[in-house]
Amino acid sequence: MSVCPVPAEQQPLRQYEELLASWFFRWPSTSFVALTRRLAQGWLLLLPITLLVATGSIPLRHDVPRLFAAGAVSALVLPLLLLVRQWLGWTYVHRRLMRERITYEESGWYDGQEWEKPLEWREKDLLIAQHQVRPVLGRLLRAISVLAALLLWGASLCQAL
């Protein structure tokens, strides 16, 4: 077996371990409930700010139910952005784990190289991608679906009030 020319920080397995060690990317790795709890905390942190901004609208200021609905729907933007960032990070690592070749840069963006993974690496990476990363992507997809449904429901509620 040849020596791996890919820098350690660009190896897919190492990138996966870094995601697991990150406090932010670890949220969806445990359970859907834990992910939902973190997203709800972000929503609650942003809710007072969005309510304060919504009070700047004169028509909303005199219509408290619409004011609260508009503020609550606006506060869903933060969890949406957090989910999109997590989705991008986890799909990037999943794609790199699934590939047979590792694309890497030796010293900068201008000198990209590819290295074919040895069979042992491929097998290990595939197992991790299928049994560790795919469930995380499933939880993220479910959370994005729930958030999209909440956004649509909240927007229609704002229109109905």
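This is a predicted model: local features need pLDDT of at least 70, side-chain atom pairs count only at pLDDT 80 or more; totals for chains, interfaces and linings use all residues.
Asp125 is found in helix H7.

Helix H7 spans residues 119-160, and one of its partners is helix H6, residues 77-98. The axes of H6 and H7 come within 9 Å and cross at roughly 155°. An angle over 145 degrees counts as roughly antiparallel, and H6 and H7 are therefore roughly antiparallel to each other. The crossing of H6 past H7 is left-handed. Sorted by class, the residues in the contact of H6 with H7 are 19 nonpolar, 3 polar and 2 charged.

Helix H5, residues 64-74, also meets H7. Here the axes come within 9 Å and the crossing angle is roughly 155°. The cut-off of 145 degrees applies again, so H5 and H7 are roughly antiparallel to each other. H5 passes H7 in a left-handed crossing.

A search of the whole structure finds 6 aromatic pairs. One of them joins Phe24 and Trp27, whose ring centres are 5.0 Å apart and whose planes stand at 65°. A pair of aromatic rings is described by these two quantities, the distance of the centres and the angle of the planes. Planes over 60 degrees apart count as edge-to-face, which is why the pair of Phe24 and Trp27 falls in that class.

Both partners can also be placed by their accessibility. Phe24 has a relative accessible area of 13% and is buried. Trp27, at 9% relative accessibility, counts as buried too. In each case the value is under 20%, the limit for that term. Phe24 and Trp27 belong to a cluster linked by ring pairs, together with Trp23 and Phe25.

Arg142 lies over the face of Phe32, at 4.4 Å from the ring centre.

Methods:
Residues are numbered from 1 along each chain as its sequence is written. Side-chain values use heavy atoms; hydrogens and water are left out. Rings of Phe, Tyr and Trp (its six-membered ring) pair if their centres lie within 6.5 Å; planes under 30 degrees apart count as stacked, over 60 as edge-to-face and the rest as tilted. Buried means under 20% relative accessible area, exposed over 50%, partly exposed in between (1.4 Å probe, protein chains only). A charge sits over a ring if NZ of Lys or CZ of Arg is within 6 Å of the ring centre and within 35 degrees of the ring normal. Axes are lines fitted to C-alpha atoms, for helices over the stretch in contact, and angles run from 0 to 180 degrees between N-to-C directions. Helices (H or I, at least four residues) and strands (E, at least two) are DSSP runs, numbered from the N terminus. Angles under 35 degrees count as roughly parallel, over 145 as roughly antiparallel, 65 to 115 as roughly perpendicular and the rest as oblique. A crossing is left-handed if the near helix is turned anticlockwise from the far one by less than a right angle, and right-handed if clockwise. Ala, Val, Leu, Ile, Met, Phe, Trp, Tyr, Cys and Pro count as nonpolar, Asp, Glu, Lys and Arg as charged, and the others, Gly among them, as polar.
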